[in-house]
Amino acid sequence: MCGGFPWNSRSQIFLNPEKIIMPQQGQSAPQHASNRKGPFTQLRDWLDYLADTDRLAIAREKRKLEFEIAAIAKRLDGVKASVFPRAGGGGMPVISGLTSNRAWIAEAMGVEASDVLEHYQKATLNPLPWREVAAGPVQEEVHRPADLTKLPIPTHNELDSGAYITAGLLIVRNPANGVQNVSIHRLQVSGPDRLGALLLPRHTLAYQRMAEESGQDLPVAIVIGIDPLTLLASQAILPIDHDELEIAGALHGKPVDVVRCTTNDVRVPAHAEIVIEGRLLARVREPEGPFGEFPQYYGPRADQHVIAIDAVTKRRQALFHTIVGGGIEHLLLGAIPREATILAQLRRSFPGVIDVHLALGGVCRYHLYVKFKKRSEGEAKNVILGAFAAHYDVKHVIVVDEDVDIHNPREVDWALATRFQADRDLVVVSGTQGSKLDPSTQDGVGAKMGMDATKPLDTPVLRYQRIHVPGEEDVQLDAIIDSQAARPWA
Ligand SMILES: Cc1cc2nc3c(=O)[nH]c(=O)nc-3n(C[C@H](O)[C@H](O)[C@H](O)COP(=O)(O)O)c2cc1C
Ligand SMILES: [Mn+2]
């Protein structure tokens, strides 16, 4: 043990990727060395907790910003979060992989893994307004004019156009009523005080258009280095004019403290690590991309929105968070809010829906598994149609019975292999809206497919009886297996 964490004076672990064993997604990490419990409201507490439970790898100093940080973080994705002290040779550490396992998200919330979706949904229905405070650590230093080249901003994928901020919460205000919106957008570093931003047609773009119509720039704040629950809240699927920071408050169980930016009216979490203040420019578009996206393909280069930077505020010893595009951290941040919304929506029409899962193989967006207690024949196909309507990203739906573990792809495959007949149980709808980032669509227009892998309600005895060896689940291997035993054939 030597040195310390870049954010305090604890012991340091050096990273040895050779020794890493991939745990199954969702499987809990060994419970030891920490008696802290969620909800975690502070990034540094979360990092300490990951470190105390052997889920944080600290690299030797000065890893390169171009590709090396992303490469190491990707190798550790889903296994350990990573820390890169003095990344790129500067003074600021880079961190990655904060929420790269479902079980970790449950721990961050302080609930059982089986309660994550209902807990999240409850938070979205019970927002907790933020509380403004006069000062906060995120403004310990104010840098004006701003220079983005002083921040350790990594370049991630081979064909990316350059360095990208990928874990920045973009906060804007409705120009008419001041309601804030929080979302994550990829941000290309186009110059020392200039960013290119991809704004897909949701709330940030709606507010930007309102400002642009009256010839105004839209003030923004970009928050980097924030606790995992606020990251998750930024991905909530809400109607416009619902402030995602209030969902963060609900998940925290207490209001988020915010401070006003130094150059505009946007309110930002007081305990964040770094805030970049700026303006989304009216009537300016510049080339942005290509950039490696969540479906594991590049988003193309095109003219996109531009943010001019006015100031950077930060903690004295700030941490810079980066999310590797398409890594599990990225995928899960989108998956949990989507699953929570889809589950609530399906249950409204189909009380027999028990659980839903957006599979990693379907990049946590396109493949939906539904666990369902069917009451009448045909109902599973109605569930399929409901799932298509619940979120346009959902492309393939598999409905299974309640005895199938939808978090285990092998189980879902088994249900498909043994309970599904294509001429009877398949639903295909063509020419629907899908994901523009799915390269097999025509600019987002493509087919949906549903597979009803539930067994018939009325079946002859034994036909669908799952085989079972009595006592299998109770075998105590440690007590039974003798590792020193003589070979009985010797
Ligand atoms: C790591 C990450 C990167 C993202 N990048 C973008 C992006 O570049 N452009 C975009 O429009 N949405 C992006 N998203 C998705 C939005 O943040 C998400 O849909 C959000 O909920 C939209 O918020 P809104 O409903 O308030 O508009 C990203 C999400 C994550 C987790
Ligand atoms: Mn929103």
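Guide: Two residues are in contact when heavy atoms of theirs lie within 4.5 Å, and with that cut-off we can read the packing in this predicted model. The buried residues of helix α5 (residues 203-213) pack against β7 (168-173), β8, β11 (218-224), α7, β14 (274-288) and β17 (302-314).

Visitor: Which residues of α5 are the buried ones?

Guide: Buried stands for under 20% relative accessible area, and in α5 this applies to His203, Thr204, Leu205, Tyr207, Gln208, Ala211 and Glu212. After the helix comes glycine 215, whose phi is positive, near 75°.

Visitor: Turning to helix pairs, at roughly what angle do the axes of α4 and α7 cross?

Guide: The axes of these two helices come within 8 Å and cross at roughly 125°, which makes α4 oblique to α7. The crossing of α4 past α7 is right-handed, and the contact is made by His119, Tyr120, Ala123 and Thr124 from α4 together with Ile247, Ala250 and Leu251 from α7. Sorted by class, this contact has five nonpolar, two polar and no charged residues.

Visitor: Where do the axes of α4 and α8 stand, by distance and by crossing angle?

Guide: The axes of α4 (residues 116-125) and α8 (residues 328-349) come within 9 Å and cross at roughly 85°, and α4 and α8 are therefore roughly perpendicular to each other. On the α4 side the contact is made by Val116, Leu117, Glu118, Tyr120 and Gln121, and on the α8 side by Ile336, Pro337, Glu339, Ala340, Thr341, Leu343, Ala344 and Arg347.

Visitor: How many residues of the contact of α4 with α8 are nonpolar, polar and charged?

Guide: The contact of α4 with α8 divides into eight nonpolar, two polar and three charged residues, while the contact of α4 with α7 has no charged residues. Tyr120 of α4 takes part in the contact with α8 and also in the contact with α7.

Methods
Residues are numbered from 1 along each chain as its sequence is written. Chains are lettered from A and ligands numbered from 1 in the order in which they are written. This is a predicted model: local features need pLDDT of at least 70, side-chain atom pairs count only at pLDDT 80 or more; totals for chains, interfaces and linings use all residues. Side-chain values use heavy atoms; hydrogens and water are left out. Axes are lines fitted to C-alpha atoms, for helices over the stretch in contact, and angles run from 0 to 180 degrees between N-to-C directions. Helices (H or I, at least four residues) and strands (E, at least two) are DSSP runs, numbered from the N terminus. Angles under 35 degrees count as roughly parallel, over 145 as roughly antiparallel, 65 to 115 as roughly perpendicular and the rest as oblique. Ala, Val, Leu, Ile, Met, Phe, Trp, Tyr, Cys and Pro count as nonpolar, Asp, Glu, Lys and Arg as charged, and the others, Gly among them, as polar. A crossing is left-handed if the near helix is turned anticlockwise from the far one by less than a right angle, and right-handed if clockwise. Buried means under 20% relative accessible area, exposed over 50%, partly exposed in between (1.4 Å probe, protein chains only).
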